[in-house]
Amino acid sequence: MARDVAPLGIAAWVWSLVALGLGVALSVWLAQAQQRRVDAGQRADLEAVADALAGTVGEGLRTCELLARSVQSLFLASSEVEPREFTHLYQNLHPRDRLDSLQAVAYAERDADGRYVTRLVAPREGNERVLGLDVASQPPNLAALLAARDSDRPVLSAPFRLLQQEASGTPAEGVTLRLPIFHPGPPPASVAERRERARGSVAISFNVRRLIGDSLPEEIADAAFHASVADVTGGTARPLFDSHPLAHGDAGDHVTRTVLFGGREWRVQVHAMRQPLAVADWSQSILWPGLVASALFALLVWSVLTSRRRALEQGWRMSRRYRESEERFRVLNELLPALVLLARGGDGRITYANQAARLRLGEASGELTLAALFDDHRLGLRMQAGELANGTPSEAVLSNATGDRFWASVSTARVDVGGEDMLLMVATDTSEQRQLTELLGYQASHDALTELYNRREFERRVERVLVALSSGGMPAALLYMDLDQFKLINDTSGHIAGDQLLIQLATAMREQFDGEGVLLARLGGDEFGVLVPGLREAGQARDLAERLRERIDGYVFVWEQRTYTITVSIGGVVLDQPGLAFKDVLAQADTACYMAKEGGRNRVHFYSASDDETARRHGEMEWANRLRWAVAEGRLLLMYQEVRPVSGDRGRPYIELLLRFRDQQGRLVPPGAFLPAAERYGLMPMIDRWVIETALSHFDQLHPSGAGLGLATINLSGASIEDESLVDRILELLHAHGVDPQRVCFEITETVAVRNLSQVGRFLGRLRDAGCKLALDDFGAGMSSFGYLKNLPVDIIKIDGSFIRDLLTDPMSHAIVRAVNDIGHQRGMVVIAEWVSSVEVLDALAAIGVDYAQGFDLHRPEPVPLHRRRG
């Protein structure tokens, strides 16, 4: 063959190197451009984070300004603002819902000497030291006050340690936002007029680090960026916040933003905490594909310049074409992992199968037709006829020569091979993927322990039934099952035994309903759900529930050396009305199950809207949830009712503390509406502790007489009496708040007293030894026995109001009141009459010799004068 000659007489390999160099240079240039775009994107992210932080910090300061404006409006609208009004405004604004960093809202009044002394503050708790503060003792605070007065604009102080922070030892600094209050009249126009008419100043103080910390974008909180804020007013930088104070330097670029507010300048600086991203791997960089393309281009140039083909005979070229094409086809397809088959378009006989197809279908696959490979014969015939030869994949089950079946994604296409119509089929084995998908789907909808449906799938199926009801679907029933005394098995034999029991019961329930179309689910713990679709009559659901109860009732569980009999309580709801919600249906079923347990366990109870007891239980459950929310949100409040002497000098005030609940509409709810639910659901110890801690921590604020309050009575429930640790907590609170135990009286009812006389005696005895007074309420209402008064260390007995009400008309009531009074005085006790409703009753009590009287006609309950925020 003659020697190849390249253009311009230059060797072909030189042209190839030139092409390679040009390709490499272009690839490097494109990679650098790509890197610049990545850097620009990272820079944009950094600036976006800085803008977001500066914006949210500014927004927080503007929220402070709006709060200050609201308080300023109160003073502008009133010539004299009472402490109660100031506190009510603070409570109505709920400022800490939007500004968690808020420390206090205060008002400093200008006195005759020109000093500004703080007279009002909210909330009171934690800010007691601020009352009476001379603002001049805090130069930054005073400077902001004077600047706000002269400019009639909001002014932000320089950072300084707030008085509250000094008391608590908090290391962070605080800032105050000041607004002036002027005497009534048109707005002052000059500085001199503002100074002359200055009446006082409103201050919003807050923890500056918390204000900025609450504003952090998610990227800073995730340590992707480092943020710092400093007060640079006047050219001197004073650090306010550092998101990562232990970070040793910043790895990346930084961006600075400025927040101007209230005469102060804050510098916000955000640094990248990580090195800039380098585009250096195959998945991201364009450099490597570019280098590969350059090498291929160089090879192409070399190939073009070195291919000096001589004219070959046309016949030889045509005779070789088919052979070379077929050879390339075979070599390529032999290496493919997919199953590749070539069949004649007429009869579908397979003429070629690649290596993967021969291994999966067997060596004898070449003797078969395409249709014979498909488990679905009709689909196979359609494939063989070319009806689906459009290249679109179809899921199908294929079988090999030995009968093994597997799922595959199959696509066919018509091809022309040497002028002959052929069918090319490509199949990919998807059995493992399908099995994995089915396994994941099963795990997502089934309980791992019992292999029943899980709560999420059960909810989805019930929702489907409820939707079908709205469009005329058949009724269904929902059963809620709770095993009786399941905790006993866990406690005595361990959780492994409990799990094994749940597995065995699940198997028994599946066998019970096999073939009935009933859906079983484990809702959690020892709770199960049953959905019975397609009810023809309501009695069908009850019969099914009874069959299930009897099946479990007869089940005996054996574990190691112990034998357990199992019972279950079942609550049912018939789903036959459109518009039902899943949460309501489940709550009704749970209520019905609770009623089944209340009825003695091992029974079935179906919910009915006309069932008064069920409705009452359901209402109590709702009240229990509302009470938990009320304690968390500060919705409980204390009221006091005065207990007055029947005759003689009134002496020091004596009060009884009463509990109320304020609902979301601001209405006061009496205790009779919620205390039964609290007692039933075990919430009374929590409520009693709240009352005790609130009363003892603000004892001198329970009555307008303040420290002159002689005695305050606190009611205790039976559940609290059973709490041995409560006495220790009471004694701890008395000592911590410096309350004289002689000024505190704890009151229990007669019913609680006789429930466990020895335990009650020990409980009350410890309180009396500490100096506290003890009272017995509702004496005579229940199982009264003068004998047990000898065993109870009480100081006060309160005669039940039912006897006082009939005192003037019923001789027996008169005799009982006199007897209780005489015996009480013989025991050295103070005697109190409840429900006193008239002057005539009061005179009769005086004649008998009763010491004190209590009733709405003598004094209606009032809120205790606590100036503190709750919630």
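How many bridges join β16 to strand β17? The first point gives the answer, after two remarks on the source.

This is a predicted model, in which local features need pLDDT of at least 70 and side-chain atom pairs count only at pLDDT 80 or more, while totals for chains, interfaces and linings use all residues. Residues are numbered from 1 along each chain as its sequence is written, and side-chain values use heavy atoms, with hydrogens and water left out.

1. Five bridges join β16 to strand β17 (residues 527-532), and the two run antiparallel. Strands here are DSSP runs of E with at least two residues, helices are runs of H or I with at least four, and both are numbered from the N terminus. Two strands pair if DSSP finds at least two bridges between them. Within the pair, Arg522 stands opposite Phe528 in β17. The pair belongs to an open sheet of five strands with mixed pairing, in the order β16-β17-β15-β20-β21. Because β16 (519-524) and β21 (604-606) each have a single partner strand, one side of each edge strand is left without a neighbour in the sheet. On average, neighbouring strands of this sheet are turned by 20° against each other, direction ignored. The angles are taken between axes, which are lines fitted to C-alpha atoms (for helices over the stretch in contact), and run from 0 to 180 degrees between N-to-C directions.

2. The antiparallel sheet. Four strands form an open sheet in the order β7-β6-β9-β8, with antiparallel pairing. Its edge strands, β7 (238-242) and β8 (254-261), each pair on one side only. From one strand to the next, the twist averages 20°. Strand β6 (residues 225-231) pairs with β7 over four bridges in the antiparallel sense, and Asp231 has Arg238 in β7 as its bridge partner. Between β8 and strand β9 (residues 264-272) there are eight bridges, again antiparallel. Thr256 stands opposite Gln269 in β9. The hairpin of β8 and β9 has two residues between the strands, and Gly262 takes a positive phi near 60° there.

3. Ser243 lies in the loop between β7 and β8. Ser243 is buried, because its relative accessible area is 17% and buried means under 20% (exposed is over 50%, partly exposed in between, for a 1.4 Å probe and protein chains only). A polar atom of the Ser243 side chain lies 2.8 Å from the backbone nitrogen of Ala227.

4. Cavities. A cavity is a set of points on a 1 Å grid over the protein atoms alone where a 1.4 Å probe fits but cannot get out; lining residues have an atom within 4 Å of a point. By this rule there are five cavities of 30 Å³ or more. The largest cavity has a volume of about 160 Å³, a volume being the space filled by probe spheres set on the points, with grid points joined across faces, edges and corners. The lining of the largest cavity comprises 19 residues, with Ala106, Val130, Leu133, Asn141 and Ser205 nearest its centre. Two or more lining residues come from each of β1 (102-110), α5 (163-168), β4 (174-182) and β5 (198-207). The largest share, four residues, comes from β1. By class the lining has 11 nonpolar, seven polar and one charged residues.

5. Two buried loop residues. Val81, in the loop between α1 (12-77) and α2 (83-93), counts as buried at 7% relative accessibility. The C-alpha atoms of Val81 and Leu120 are separated by 9.3 Å, although the residues are 39 apart along the chain. Gly710 is in the loop between α21 (684-697) and β26 (711-715) and is buried, with a relative accessible area of 15%. Gly710 and Val744 are 34 residues apart in sequence and 8.6 Å apart in space, C-alpha to C-alpha.

6. Backbone geometry to inspect. Most residues other than glycine have a negative phi, and most peptide bonds are trans. The peptide bond from Ala122 to Pro123 is cis, with omega near -5°; Pro123 lies in the loop between β2 (116-122) and α4 (139-151). Asp152 has a positive phi near 55°, sits in the loop between α4 and β3 (155-156), and is partly exposed at 27% relative accessible area. Trp835 also has a positive phi, near 65°. The loop between β30 (830-833) and α28 (839-848) holds Trp835, which is partly exposed with a relative accessible area of 47%.

Definitions and conventions. 1 Å grid on protein atoms, 1.4 Å probe; cavity = no way out; pocket = protein on both sides within 12 Å on 5 of 7 lines; lining within 4 Å. Nonpolar A, V, L, I, M, F, W, Y, C, P; charged D, E, K, R; others polar. Polar contact = N/O pair within 3.5 Å; in protein donor to acceptor, adjacent residues only side chain to side chain.
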